[in-house]
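Open the structure in your viewer and keep the selection tool at hand. The stops below say what to select and what is there.

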Amino acid sequence: MPPKEFATDPAREAYDVVIVGGAIMGSSLAWWLTENPDFDGSVLVVERDPSYAMCSTAHTNSCIRQQFSTELNVRISQFTARFIKDLRANMGGDPRVPNLDIQSFGYLYLADTAAAADTLRANQQVQLAAGAETRLLTRDQIAADYPFYDLDGIVLGSINTKDEGYWDGGTLFEWFRRAAQARGVEYVSGEVVEMTRRGARIDSVTLASGARISCGHVVNAAGPRAARVAAMAGLALPVEPRKRYSWIFTAERPLDWALPLTIDPSGVHVRQDGPTTYLAGSKGETDPAVDPDDFTMDHALWQDHVWPALAARIPTFEAIRVVTEWVGHYAYNTLDQNAVLGPHPEVENFLFMNGFSGHGLQQAPAMGRGLAEWIAHQEYRSLDLSPFAFGRVARGAAMVEGAVI
Ligand SMILES: Cc1cc2nc3c(=O)[nH]c(=O)nc-3n(C[C@H](O)[C@H](O)[C@H](O)COP(=O)(O)OP(=O)(O)OC[C@H]3O[C@@H](n4cnc5c(N)ncnc54)[C@H](O)[C@@H]3O)c2cc1C
């Protein structure tokens, strides 16, 4: 089932649901709407960049974990793990749909202070209560299991090797989109530039082409551009684009062990990529909001900060060579680094699907399913996702996700 071309103009003047942004979140919702037996409305996805070259989904590191500080985030990733491992059956048995493996090398969080160790202990309790298999490792245990680390200064680690590691998020995105299109969801190439709000409702969206589309619901799935789209409805959303840098490198002497996704206290993280390649990631030395079109690489960051941190923690990484590098954007929720999902309390047909702060790829299945339930039934029926509601933003009542990488 090759992806269909995107039309430039919508076929109709009105849709039950208009989704702004057709990357993994918008496409997950589109597919789940077609899957929901109680929804038979029309769905339009408007995507400003059908090449998807610039979106977060194209710049991701594509990992999944259960080591969150919020129980709901653990349960969301557990659902995704089940969903993707049985993707073919979950998508109706189409033999072309693959089941997706998780390379469960685990995330190894390293703590270098008593306070950081206490955080790992507290997070482990949350994770165990949700059914995760997180283990705390003393420094000696880390040294025994992973002898390649220099553990100078490390006091504790935590790791979970069940359903935690790399998975192929790009393929899931492709199948959400293709299957949604095959089931009649219309994707158009265009940019939503304006919304017409009448009191408590959005009546219509206007595209850059001038086309005006009436909508039953409008969904903000615009990734790092989410605040701009919310502003079109007269709403303030504390989500901003923040740069995240990634490097793939080879090592002169590759490790004999699969490298867990190691979260170093320096702020650098690194994991196994291919059989002999590794992926490192970091934010910048400062972390301001940036323009969503700013993809400028900070070359000094690698040289002055990332490489030295890698070589200090894994001495064999003294001799490495970068083979590719890129810049992507987190849609960073400045209130609490958690998703904002569901209707605005006053403008009730404006739905948020925003602020995933670097863990959205693994949340796409649960978020799409949940929002489709909300559209069909005005309630969440599987996982209760109401803690992500916009109301907490309005009240300034943060639900902080502390384990943000
Ligand atoms: C470097 C990096 C590493 C990451 N690693 C992980 C990871 O390991 N695990 C994980 O779970 N998550 C990870 N993430 C986060 C994850 O990639 C994102 O949360 C997820 O891809 C967000 O998907 P999205 O659909 O919300 O946003 P996007 O992929 O950014 O898509 C938004 C879409 O909306 C479109 N759009 C915007 N405005 C308009 C408009 N006005 N009109 C029409 N279209 C519009 C854009 O063109 C874009 O295609 C990472 C992100 C980055 C940057």
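## Stop 1: the ligand and its neighbours

Select the ligand and the residues around it: there are 37 of them, and Glu47, Ser56, Thr57, Cys63 and Gln362 come nearest. Keep in mind that this is a predicted model.

Now colour those neighbours by class. The shell around the ligand has 16 nonpolar residues and 16 polar ones, together with 5 charged residues.

## Stop 2: polar atoms facing the ligand

Select Cys63 again and show its backbone. One of its polar backbone atoms is 2.8 Å from a nitrogen atom of the ligand. Go on to Ser62, where a backbone N or O atom lies 3.3 Å from an oxygen atom of the ligand. Then select Gly360, which has a polar backbone atom 3.1 Å from a ligand oxygen. How much of the ligand does the protein bury? Taken alone, the ligand exposes 1000 Å², and the protein buries 95% of that.

## Stop 3: where the shell comes from

Switch to a cartoon view and select helix H1 (24-35) and helix H2 (56-59), then strands S2 (43-47), S12 (239-251) and S16 (320-333). Each of these elements supplies at least two residues of the shell around the ligand.

Next, colour by domain. Domain 1 covers 14-60 + 169-238 + 335-395, and domain 2 covers 103-165 + 240-330. Each of the two gives at least three residues to the shell around the ligand.

## Stop 4: the cavity

Rolling a probe the size of a water molecule over the atoms shows where empty space is left. A search of the whole structure finds 1 cavity of 30 Å³ or more. The space in the largest cavity is about 50 Å³.

Which residues line the largest cavity? Select Thr262, Asp264, Val268, His269, Val270, Ala309, Leu310, Arg313 and Ile314 to show its lining. By class, this lining divides into 5 nonpolar, 2 polar and 2 charged residues.

Finish by selecting strand S14 (269-272) and helix H9 (299-313), each of which supplies at least two residues of that lining. H9 gives the most, with 3 residues.

How values were computed:
Residues numbered from 1 in each chain as written. Predicted model: local features only at pLDDT ≥ 70, side-chain atom pairs only at ≥ 80, totals over all residues. Heavy atoms only, no water. 1 Å grid on protein atoms, 1.4 Å probe; cavity = no way out; pocket = protein on both sides within 12 Å on 5 of 7 lines; lining within 4 Å. Points joined across faces, edges and corners; volume = space filled by probe spheres on them. Helix = DSSP H or I, 4+ residues; strand = E, 2+ residues; numbered from the N terminus. Nonpolar A, V, L, I, M, F, W, Y, C, P; charged D, E, K, R; others polar. Near = heavy atom within 4 Å. Polar contact = N/O pair within 3.5 Å; in protein donor to acceptor, adjacent residues only side chain to side chain. Areas by Shrake-Rupley, 256 points an atom, 1.4 Å probe, with all protein chains shown as cover. Domains from an automatic or database assignment.
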